[in-house]
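Visitor: I have a model open and would like to go through it piece by piece. Can you take my questions as they come?
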2 protein chains.
Amino acid sequence: MKIGVFDSGFGGLTVLRELLAAIPGAEYLYVGDTARLPYGSKSAKTIAHYAVSSLHFLENQGSEYIVVACNTASALAMPAMKAAVTKEIVGVIEPGAQAASELSNTKNVWVIGTAATVASHAYRNELQKRGVRAVEKACPLLVPLVEEGWTEHPVTEQVARIYLNELKRSDEQAADVLVLGCTHYPLLKPLLHRVLPEKMRLVDSAQAVAHSVANRLGELALQANGQPSVQFFATDSVDKFRELGSRFLGREIERVELIALPE
Amino acid sequence: MKIGVFDSGFGGLTVLRELLAAIPGAEYLYVGDTARLPYGSKSAKTIAHYAVSSLHFLENQGSEYIVVACNTASALAMPAMKAAVTKEIVGVIEPGAQAASELSNTKNVWVIGTAATVASHAYRNELQKRGVRAVEKACPLLVPLVEEGWTEHPVTEQVARIYLNELKRSDEQAADVLVLGCTHYPLLKPLLHRVLPEKMRLVDSAQAVAHSVANRLGELALQANGQPSVQFFATDSVDKFRELGSRFLGREIERVELIALPE
């Protein structure tokens with residue numbers, strides 16, 4: 001069973017980490033489009049254009065199932081991506097919204113993500129379909145803070161408090177779930193738990209999509225009990241990918257292959 | 001007199017602002033390669049490849065002189081850019097280093113910039129040629145903080161203190177000049193003045209390159225006494241360019257033309 005995983009960079013390695021835990025016996029191909037990251041500040045058209053070239057690469061490499069680990073691409077380009085590939089494909093938004101709707105008792109949730117993800121209202125729309133009200137907030141400083149390695153830093157805690165207070169002020173309802181709508185945010189879980197009200201529960205879209213893929217593949221996933229293997233591909237900065245990526249994956253990344261994608 | 005200005009995004013508008021002050025009568029063409037920013041985390045080869053397509057666009061639009069406002073492109077791709085164009089071209093590194101060497105009494109300076117600019121040691125090398133010793137420090141959080149609009153925010157002050165303290169600890173000599181090696185940093189001048197020791201003077205590479213261009217063009221610059229005009233071009237997100245860019249330019253940007261560059 002070959003599963004292709006696509007992200008704009010190495011953030012999606014938090015999704016791969018959960019996939020490896022949920023379906024350990026599969027073969028994984030991971031593409032990080034590091035030459036063109038971050039997608040979070042780009043237009044929907046540009047993102048769709050970039051994403052599709054990575055998906056074609058994953059298909060050509062034999063992926064039988066494709067996971068779009070990138071929240072921004074999932075939020076802005078899912079129809080274009082679905083139309084461009086022949087294999088089954090899943091993004092992070094729907095599983096994240098589904099998990100949040102199951103977890104919330106008050107049916108009021110908060111969503112944090114990049115500027116592009118939030119502007120798309122993709123989470124809000126998916127949650128609305130499930131009868132859940134969402135208040136969304138772009139947190140553009142959290143990604144650079146995570147990339148700086150400041151996941152337990154007082155500055156990051158202060159920034160998180162500021163963003164979450166703004167959410168609180170803009171929301172009169174009693175939200176009880178916070179959706180982490182960006183692949184970088186799982187690294188901030190311990191810090192966020194300290195900052196959030198005690199009753200607030202976190203939904204990690206990375207975990208949600210991994211469980212959804214395991215359920216969807218069912219028997220196929222169980223049969224995939226070979227030696228787990230991962231091949232890493234990046235469009236630029238393979239050294240940075242290896243260095244930073246290891247923190248996101250939770251284990252050493254030994255080899256990253258530099259690839260050129262058609263533009 | 002048509003002057004082309006190139007940057008990876010809207011940060012270079014701080015350079016255009018200084019050019020408009022130094023040579024008000026010229027016609028300006030400004031290209032922001034916003035589809036592919038930030039350059040700061042990309043490899044030299046990728047940056048050179050991207051930069052050259054913007055320079056060709058500026059030449060084709062009739063630029064008689066080209067200013068590379070992007071520190072990262074100036075630091076990593078100057079030889080490739082010089083080889084690719086027929087017009088005279090100047091980057092921000094040499095003028096910035098020259099201004100710092102003239103201003104420093106102790107001949108010890110600090111340089112702050114993006115990860116890529118600092119890793120290239122372009123400022124250190126140019127300063128060394130002028131008999132000045134440089135200690136460099138990457139400050140990757142300052143760009144997102146400026147883009148978040150937090151130019152006077154306590155969090156930004158704390159982050160600046162942390163970075164500058166690290167510089168202080170790694171430097172036993174008495175530096176008396178700080179070079180702002182990134183186009184976003186001029187917006188942090190008031191905050192940096194509060195954080196820095198009183199004797200420390202700032203070199204703004206944007207000002208330095210504008211003065212250098214005015215000197216270089218001499219008579220030509222003076223003759224260019226028509227109505228100043230600027231045309232703005234961006235490869236993506238023209239709305240964001242207009243919104244954020246106005247803060248960098250210090251005045252309203254009315255119209256930004258979306259262009260597609262060969263990749």
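Visitor: Which residue stands opposite A:Ile66 in strand 4 of chain A?
Guide: A:Ile89 does. Bear in mind that this is a predicted model.

Visitor: And in what sense do strand 3 and strand 4 of chain A pair, over how many bridges?
Guide: Strand 3, residues 65–68 of chain A, runs parallel to strand 4, with three bridges between them.

Visitor: What sheet do the strands form, and in what order?
Guide: An open one of six strands in chain A, ordered 4-3-1-2-9-10, with parallel pairing. Its edges are strand 4 (88–90) and strand 10 (256–258) of chain A, each of which pairs on one side only. On average, neighbouring strands of the sheet are turned by 20 degrees against each other, direction ignored.

Visitor: Which strands does helix 1 of chain A touch?
Guide: Helix 1 (residues 13–22) packs on the sheet and touches strand 1 (2–7), strand 2 (27–32), strand 3 and strand 9 (229–234) of chain A. The direction of helix 1 makes about 160 degrees with that of strand 1 of chain A.

Visitor: Switching to the chain contact. How many residues does it take from each chain?
Guide: The contact takes 18 residues from chain A and 18 residues from chain B.

Visitor: Which helix gives the largest share of chain A's side?
Guide: Helix 8 of chain A, with three residues. Helix 7 (142–147) and helix 8 (154–169) of chain A each supply at least two residues of that side.

Visitor: How do the residues on that side divide into nonpolar, polar and charged?
Guide: On the side of chain A that touches chain B, seven are nonpolar, five polar and six charged.

Terms used. Residues are numbered from 1 along each chain as its sequence is written. Chains are lettered from A and ligands numbered from 1 in the order in which they are written. This is a predicted model: local features need pLDDT of at least 70, side-chain atom pairs count only at pLDDT 80 or more; totals for chains, interfaces and linings use all residues. Two strands pair if DSSP finds at least two bridges between them. Helices (H or I, at least four residues) and strands (E, at least two) are DSSP runs, numbered from the N terminus. Axes are lines fitted to C-alpha atoms, for helices over the stretch in contact, and angles run from 0 to 180 degrees between N-to-C directions. Two residues are in contact if their C-beta atoms, placed from the backbone, lie within 7 Å. Ala, Val, Leu, Ile, Met, Phe, Trp, Tyr, Cys and Pro count as nonpolar, Asp, Glu, Lys and Arg as charged, and the others, Gly among them, as polar.
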